[in-house]
Amino acid sequence: MKYTILTTTALVTALSTSAFAVEKADVLGTYADIAAAKYGDSLTTAQTLQAAVNALIANPSADALQAAKTAWLAARVPYQQTEVYRFGNAIVDDWEGKVNAWPLDEGLIDYVDASYGGPSDENEFAALNVVANASFTLSGREVDANEINSALLEETLQEADGVEANVATGYHAIEFLLWGQDLNGHGAGAGNRPWTDYAAGHACTNDNCDRRGEYLTAATDLLVSDLEWMTAQWAAGGAARTELNRNEDAGIAAVLTGMGSLSYGEVAGERMRLGVMLNDPEEEHSCFADNTHNDHYHDGLGVQNAYLGEYVRIDGSVVSGASLSDMVAATDVSLDTEMRAKLSATMKALGRIKTTAEAGFAYDQMLERGNEAGEAVIMGGVNGFIDQTRSIERVVSALGLDQIAFEGSDSLDDPEAVFQ
């Protein structure tokens, strides 16, 4: 029997090219498997929300409304973790506005407080109130809205007249219909829509309870349908998975594009730093439910598990496999250590925002002008996202990929432009 004796150097070289070698196809396979699991969990929790909404409409009560709210909050957990699939995957970007568009002019949908105002030069339909109007003129044509259904929401109202703030579908439209406006400004408390907004007959408050129920049902049904479609795109043979694997280098670039763009321009910039600059509670991502602290946390978690190649499903099972971390470690162990540390630091900062809000210091209170403690908590998350983006840029270089342009934000890149 012959034995091959390797020197220390030879042994390290052999291990680095065999045991520690990572195939790009395997990394992309894990990424796609996790996408399928995340969208699948988003679908499952949306179906639970759908059942709760149906129960609310069938038998309105305070408990039924609270059950629907609880289901909505649970549905956000897996969905926010899917946002890392944006920016790098065109099929997700082209679809995402239907399910998570924000901010929205809620007066398009239902009644609002007088302080909200009316139509503006930017949005003629900001106070259209479809719930109260069975017909209206939109972009020069008469619309029959006697029946509020998914087609009306998706084909007529969503981004009506080309205005992005006309959000008629998705999580945030449903959120508004469950919570109502948050009229507390920087004070404590979320929206406080009464359950009687869905009651029948004389018990109905704020009129049009039947049509409000129709809208909520249609929006929830459409959310479920949209998530069914996206889940199928990431299944074996699905269009998103197929496109990802068309070119392995482009696929790896797509993973990093999503990580960097979500971290930097989208969350650190548009969702966090901008709110601090404007001191505006309307800049909360989930402003009706006061759930923004969870939104940011799970966005950050999505970036982290895209890098680590691991996702904990809502049933507690774990989807994991060959990861971007493995690939980077095979190239530059110290860079992988750095990237992991940066992701961990960001999650710690986001965890602080989350626990602070849950302890009673809500995100919109943190945004109040002059509240130095609140600003410091939020900026901890902003700085964490920015810092990890710098390491993501180093990963791009280390893997020999073409330079990637991450999404930017005036709040980070040109602060003076925010106030012009």
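Trainee: So a crossing is left-handed if the near helix is turned anticlockwise from the far one by less than a right angle, and right-handed if clockwise. Which way does α4 pass α7?
Mentor: That crossing of α4 and α7 is left-handed. Helices (H or I, at least four residues) and strands (E, at least two) are DSSP runs, numbered from the N terminus.

Trainee: Before we go on, what am I looking at?
Mentor: A predicted model, where local features need pLDDT of at least 70 and side-chain atom pairs count only at pLDDT 80 or more, while totals for chains, interfaces and linings use all residues. Residues are numbered from 1 along each chain as its sequence is written, and side-chain values use heavy atoms, with hydrogens and water left out.

Trainee: Back to α4 and α7, then. At what angle do they cross?
Mentor: Roughly 165°, and their axes come within 10 Å. The axes are lines fitted to C-alpha atoms, for helices over the stretch in contact, and angles run from 0 to 180 degrees between N-to-C directions. The two helices are therefore roughly antiparallel; that label covers angles over 145 degrees, with under 35 called roughly parallel, 65 to 115 roughly perpendicular and the rest oblique.

Trainee: Which residues make the contact?
Mentor: From α4 you have Ile-91, Val-92, Trp-95, Lys-98 and Val-99, and from α7 Leu-223, Asp-226, Leu-227, Trp-229, Met-230 and Gln-233. Contact here means heavy atoms within 4.5 Å. By class, the contact of α4 with α7 has 8 nonpolar, 1 polar and 2 charged residues. For those classes, Ala, Val, Leu, Ile, Met, Phe, Trp, Tyr, Cys and Pro count as nonpolar, Asp, Glu, Lys and Arg as charged, and the others, Gly among them, as polar.

Trainee: And α9 with α10, what angle there?
Mentor: Helix α9 (residues 248–278) and helix α10 (residues 292–308) pack at about 165°, with axes 10 Å apart. They are therefore roughly antiparallel too, and their crossing is left-handed.

Trainee: Who meets whom in that pair?
Mentor: On the α9 side look for Val-255, Met-259, Leu-262, Ser-263, Val-267, Arg-271 and Met-272; on the α10 side, for His-296, Asp-299, Val-303, Ala-306 and Tyr-307. Those residues divide into 8 nonpolar, 2 polar and 2 charged.

Trainee: How about α3 and α10: parallel or antiparallel?
Mentor: Roughly parallel. They pack at about 30°, with axes 8 Å apart, and the crossing is right-handed. Arg-76, Val-77 and Gln-80 of α3 contact Asp-295, His-298 and Asp-299 of α10.

Trainee: Switching topic: is Glu-83 buried or exposed?
Mentor: Buried, with a relative accessible area of 0%. The cut-offs are under 20% for buried, over 50% for exposed and partly exposed in between, using a 1.4 Å probe and protein chains only. Glu-83 sits in the loop between α3 (62–80) and α4 (90–100).

Trainee: What does Glu-83 touch in there?
Mentor: Not counting residues up to four places away in sequence, Glu-83 touches Glu-96, Asn-100, Leu-262, Arg-271 and Asp-299. You met Leu-262, Arg-271 and Asp-299 in the contact between α9 and α10.

Trainee: Now the core. Which residues touch the most other members?
Mentor: Leu-178, Tyr-215, Trp-234, Leu-256 and Met-259, out of 111 residues in the largest nonpolar core. Helix α2 (residues 24–58) gives this core its largest share, 14 residues. A nonpolar core is a set of buried Ala, Val, Leu, Ile, Met, Phe, Trp, Tyr and Cys residues joined through side-chain atoms within 4.5 Å.

Trainee: And what is Leu-256 in contact with?
Mentor: Leaving aside residues within four places in sequence, its contacts are Leu-324, Ile-392, Val-395, Val-396, Leu-399, Leu-401, Ile-404 and Phe-406.

Trainee: Last one: where is the cis peptide bond?
Mentor: Between Trp-102 and Pro-103, with omega about -5°. Pro-103 is in the loop between α4 and β1 (135–138). While you're looking at backbone angles, Ser-139 has a positive phi near 55°, and so does Asn-208, near 60°. Most residues other than glycine have a negative phi, and most peptide bonds are trans. Ser-139 is partly exposed at 47%, and Asn-208 is partly exposed at 27%.
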